[in-house]
Amino acid sequence: MQRDLTEDQRLLDDAVARYVSQEYPAVGQPRGACDPTADPVHSAHWQAFAGMGLIGLGLPESAGGMGAGLTDVCVVMQRLGYAQVTEPYDISALLCGQLLALLPAADRAQALLAALAEGRAAPVLAHTEAHSDASLDDVRTLARRDGDGWVLDGAKCRIAHGAGAAHLLVTARTDDGVAVFLVDGAAQGLARRGQAGLDGRSYADLRFSGCRVPADACLGLAGQALAHAADLARIGLCAEAVGSMQALLDTTRGYLETRKQFGKPLIAFQALQHRLADMLLLLEPSRSLMWRAASAAQAGDPSCARLASAAKYKCGQAGRHIGQQSIHLHGGMGMTQELGVGRHVKRLMAIDYTLGDAHHHLNRYQRLAPAATLQDLP
């Protein structure tokens with residue numbers, strides 16, 4: 001995972017790897033039951049990430065962040081994916097952090113961004129609705145002006161960490177378009193129902209029924225800010241998927257090296273070597289395309305959106321196949337929670353469906369490059 005990194009990125013990767021190996025439960029070890037109503041900000045790991053500077057890594061220096069590029073954030077995401085970290089780094093530090101940084105510099109947005117950089121907040125984006133597909137424009141939650149404030153009505157579904165988060169960035173349609181509202185988790189008129197997800201995270205359905213928020217809760221129109229932040233988050237999710245796929249490959253190879261049949265390890269059988277090679281041949285192009293998309297985003301390349309969709313498609317396809325092969329090569333053990341292979345597979349499935357699945361991004365890639373072929377997909 002380190003061969004294409006700069007010296008600074010190697011040091012960053014080493015620091016994250018050292019922490020998760022020493023302090024975070026190993027993938028194959030039992031983990032405590034997920035509390036769907038817990039605020040992620042109270043996690044000891046979240047506070048440790050803040051102390052290490054990881055949460056503020058990609059946030060602007062004006063908000064207390066480090067102003068690093070997306071490639072550095074992807075170094076962290078790869079390692080978190082390898083270790084199956086469930087804290088909302090992708091949701092809060094990356095997606096919400098970039099969204100807040102791109103929205104107009106309102107006082108509340110800047111204050112929340114500074115709190116995020118210090119680890120005092122872990123906001124989540126409440127955007128997905130029951131009827132919507134992966135489009136960012138299909139929003140039916142309504143926000144209407146009422147006196148000196150706003151009133152929100154509608155519902156959001158399957159919001160990661162939405163049951164416990166103290167700060168919600170809610171998208172709602174106004175007369176001017178879709179806007180982003182900062183809603184307190186304890187606001188009147190907000191009902192939340194959380195449950196543990198299969199990938200080890202908590203998810204929640206949210207209902208807004210006459211939910212009143214102050215005038216300054218409106219942080220601005222979503223527009224290009226949400227679209228660009230979503231693309232950055234998609235690339236970060238691809239980095240997490242690459243780390244998870246690497247873990248599956250390493251775990252499967254280790255199992256084949258130790259498990260014996262007919263007096264010799266399974267790795268000695270050529271047919272199984274070929275299947276490991278097939279897994280590697282899917283992983284490496286996914287990694288390469290993820291780095292290409294991250295570099296384009298960091299450089300401000302206009303092809304960033306197209307490459308983000310290309311990477312999301314490739315990682316979705318590769319993750320599904322590598323996961324299936326890992327389970328098959330482990331036999332019945334591959335489905336057990338104790339081994340951890342199944343948890344990686346579930347997380348890869350969740351990543352695929354977050355912010356658009358592989359099918360959606362294949363179509364989006366074609367829309368963004370109608371005259372091109374899939375030449376960006378290795």
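In this predicted model, the cover over the buried residues of helix 10 includes helix 6 (223-258), helix 8 (304-330) and helix 9 (341-353). Helix 10 itself spans residues 358-368. Its buried residues are Ala 358, His 360, His 361, Leu 362, Arg 364 and Tyr 365. His 360, a residue of helix 10, has a relative accessible area of 18%. His 360 therefore counts as buried, since the limit is under 20%. Beyond residues up to four places away in sequence, His 360 touches Ala 134, Ser 135 and Arg 367.

Three cavities of 30 Å³ or more were found. The largest cavity holds about 50 Å³ of space. Helix 3 (70-83) and helix 4 (89-102) are the elements that give two or more residues to its lining. Helix 3 provides the largest share, three residues. The lining of the largest cavity consists of Met 77, Leu 80, Gly 81, Val 85, Glu 87, Tyr 89, Asp 90, Arg 201 and Glu 240. By class, four of these residues are nonpolar, one is polar and four are charged.

Asp 90 lines the largest cavity and belongs to helix 4. The relative accessibility of Asp 90 is 6%. Asp 90 is classed as buried because this value is under 20%. The side chain of Asp 90 makes a polar contact of 2.9 Å with the side chain of Arg 201. Arg 201 is also a lining residue of the largest cavity. With neighbours within four places in sequence set aside, the contacts of Asp 90 are Met 77, Leu 95, Arg 201, Leu 237, Glu 240 and Arg 347. Met 77 and Glu 240, both on this contact list, are likewise found in the cavity lining.

The largest pocket has a volume of about 840 Å³. Its lining comprises 32 residues. Nearest the centre of the pocket lie Thr 128, Arg 158, Tyr 353, Thr 354 and Leu 355. Helix 4, strand 3, helix 6 and helix 9 each give two or more residues to the lining of the largest pocket. Helix 9 makes the largest contribution, with five residues. The lining divides into 16 nonpolar, seven polar and nine charged residues. Helix 6 and helix 9, which contribute to this pocket, also take part in covering the buried residues of helix 10. Helix 4, another contributor to the pocket lining, gives two or more residues to the lining of the largest cavity as well.

Strand 3 (residues 149-160) also takes part in a hairpin with strand 2 (residues 142-146). The two strands pair in the antiparallel sense over five bridges. Arg 144 stands opposite Val 151 in strand 3. Two residues lie between the strands of this hairpin. Gly 147 there adopts a positive phi near 65°.

Most residues other than glycine have a negative phi. Arg 158, which is not a glycine, has a positive phi of about 50°. Arg 158 lies in strand 3 and is one of the residues nearest the centre of the largest pocket. Its relative accessible area is 44%. Arg 158 is therefore partly exposed, as the value falls between 20% and 50%. Phe 262 is located in the loop between strand 9 (260-261) and strand 10 (264-265). At 72% relative accessibility, Phe 262 counts as exposed because the value is over 50%.

A further loop lies between helix 2 (44-51) and helix 3, and Met 66 is found in it. Met 66 and Ile 55 are eleven residues apart in sequence. Their C-alpha atoms are 9.3 Å apart in space. Residues up to four places away in sequence aside, Met 66 touches Gly 53, Gly 56, Leu 57, Leu 59 and Glu 61.

Definitions and conventions. Residues are numbered from 1 along each chain as its sequence is written. This is a predicted model: local features need pLDDT of at least 70, side-chain atom pairs count only at pLDDT 80 or more; totals for chains, interfaces and linings use all residues. Side-chain values use heavy atoms; hydrogens and water are left out. Buried means under 20% relative accessible area, exposed over 50%, partly exposed in between (1.4 Å probe, protein chains only). Helices (H or I, at least four residues) and strands (E, at least two) are DSSP runs, numbered from the N terminus. Contact means heavy atoms within 4.5 Å. On a 1 Å grid over the protein atoms alone, a cavity is a set of points where a 1.4 Å probe fits but cannot get out, and a pocket is an open set with protein on both sides within 12 Å along at least five of seven lines; lining residues have an atom within 4 Å of a point. Grid points are joined across faces, edges and corners, and a volume is the space filled by probe spheres set on the points. Ala, Val, Leu, Ile, Met, Phe, Trp, Tyr, Cys and Pro count as nonpolar, Asp, Glu, Lys and Arg as charged, and the others, Gly among them, as polar. A polar contact is a pair of N or O atoms within 3.5 Å; within protein, one must be able to donate a hydrogen and the other to accept it, and residues adjacent in sequence count only if both atoms are side-chain atoms. Two strands pair if DSSP finds at least two bridges between them.
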